[in-house]
Amino acid sequence: MSAKRKIILIFIASCTLLAVYETINTSSMPEIPFESNEWKAAAGDRSSTLRLTMLEDLLSRHQLASKSRAEVINLLGNPEQENYFSEYEMMYRLGNDGGLLAGPKYMAIRFTPGDTIDELAILKD
């Protein structure tokens, strides 16, 4: 086997192991019930994963798609000051997902002209 072929096989095997590790590691994060006051208190804490662990419950229990901008702010607090995703109007930092390629995740929101949620996306920086 040529050296080039060995390098390619090692690269493919490494990528496969990394993908498996990421899947196992990020799916093992516990879920906790959404609490508005705790969500708001986690604002600005870059080391917290509290919002990330509440996300599933937030999305399943609260009909965010029908909420207005004011209702979102009432439920989640003020959005982050910085917005890394210019196509969205509001952004909430969720926390790092803890994988090998860990990086912050965000919930980004765009509104309709009628000021209700048009799109909600979970994005990774």
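Figure 1. Tyr106 is buried, because its relative accessible area is 1%. Buried means under 20% relative accessible area, exposed means over 50%, and partly exposed lies in between (1.4 Å probe, protein chains only). This is a predicted model, in which local features need pLDDT of at least 70, side-chain atom pairs count only at pLDDT 80 or more, and totals for chains, interfaces and linings use all residues. Residues are numbered from 1 along each chain as its sequence is written, and side-chain values use heavy atoms, with hydrogens and water left out. Phe85 is buried too, with a relative accessible area of 13%. Why does the pair of Phe85 and Tyr106 count as edge-to-face? The ring centres of Phe85 and Tyr106 are 5.7 Å apart and the planes stand at 65°, so the pair is edge-to-face. Rings of Phe, Tyr and Trp (its six-membered ring) pair if their centres lie within 6.5 Å; planes under 30 degrees apart are stacked, over 60 edge-to-face, and the rest tilted. Phe85 sits in the loop between helix 4 and strand 1, Tyr106 sits in strand 2, and 21 residues separate them. Helices (H or I, at least four residues) and strands (E, at least two) are DSSP runs, numbered from the N terminus.

**Figure 2. The whole chain.** The protein chain holds four helices and three strands. Along the sequence, the pattern reads α-α-α-α-β-β-β. Of the 125 residues in the protein chain, 33% count as buried. A search of the whole structure finds four aromatic pairs.

Figure 3. Three strands make an open sheet in the order 1-2-3, with antiparallel pairing. Two strands pair if DSSP finds at least two bridges between them. Which strands are the edge strands? Strand 1 (90–96) and strand 3 (117–124) are, and each pairs on one side only. From one strand to the next, the twist averages 15°. Strand 1 pairs with strand 2 (residues 104–111) over six bridges. Strand 2 pairs with strand 3 over seven bridges. Across these pairings, Met91 stands opposite Ala108 in strand 2, and Tyr106 stands opposite Leu123 in strand 3. In a regular strand the side chains alternate between the two faces of the sheet.

**Figure 4. The hairpin turn.** Strand 2 and strand 3 form a hairpin with five residues between them. Asp115 lies in the loop between these strands. Phi of Asp115 is near 70°, a positive value in a residue other than glycine. Is Asp115 buried or partly exposed? Asp115 is partly exposed, because its relative accessible area is 28%.

Figure 5. Contact means heavy atoms within 4.5 Å. Axes are lines fitted to C-alpha atoms, for helices over the stretch in contact, and angles run from 0 to 180 degrees between N-to-C directions. Helix 4 (residues 69–76) lies across strand 1, strand 2 and strand 3. Helix 4 runs at about 30° to strand 1.

**Figure 6. The nonpolar cores.** The largest nonpolar core has 17 residues. A nonpolar core is a set of buried Ala, Val, Leu, Ile, Met, Phe, Trp, Tyr and Cys residues joined through side-chain atoms within 4.5 Å. Which members touch the most other members? They are Trp39, Leu58, Val72, Leu76, Tyr92 and Met107. Helix 3, helix 4, strand 1 and strand 2 each supply at least two residues of this core. Helix 3 gives the most, with four residues. Another core, of six residues, lies apart and includes Tyr88, Met91, Ala108 and Ala121. In soluble globular proteins, nonpolar side chains tend to be buried together.

**Figure 7. Rings and charges.** Phe34, Trp39 and Tyr92 form one aromatic cluster. Arg69 lies over the face of Phe111, at 4.2 Å from the ring centre. A charge sits over a ring if NZ of Lys or CZ of Arg is within 6 Å of the ring centre and within 35 degrees of the ring normal. Arg110 lies over the face of Tyr88, at 4.9 Å from the ring centre.

**Figure 8. The loop at Ala42.** Ala42 lies in the loop between helix 2 (36–41) and helix 3. Ala42 is buried, with a relative accessible area of 10%. Ala42 touches Ser48, Leu50 and Arg51, not counting residues up to four places away in sequence. Ala42 and Arg93 are 51 residues apart in sequence and 9.3 Å apart in space, C-alpha to C-alpha.
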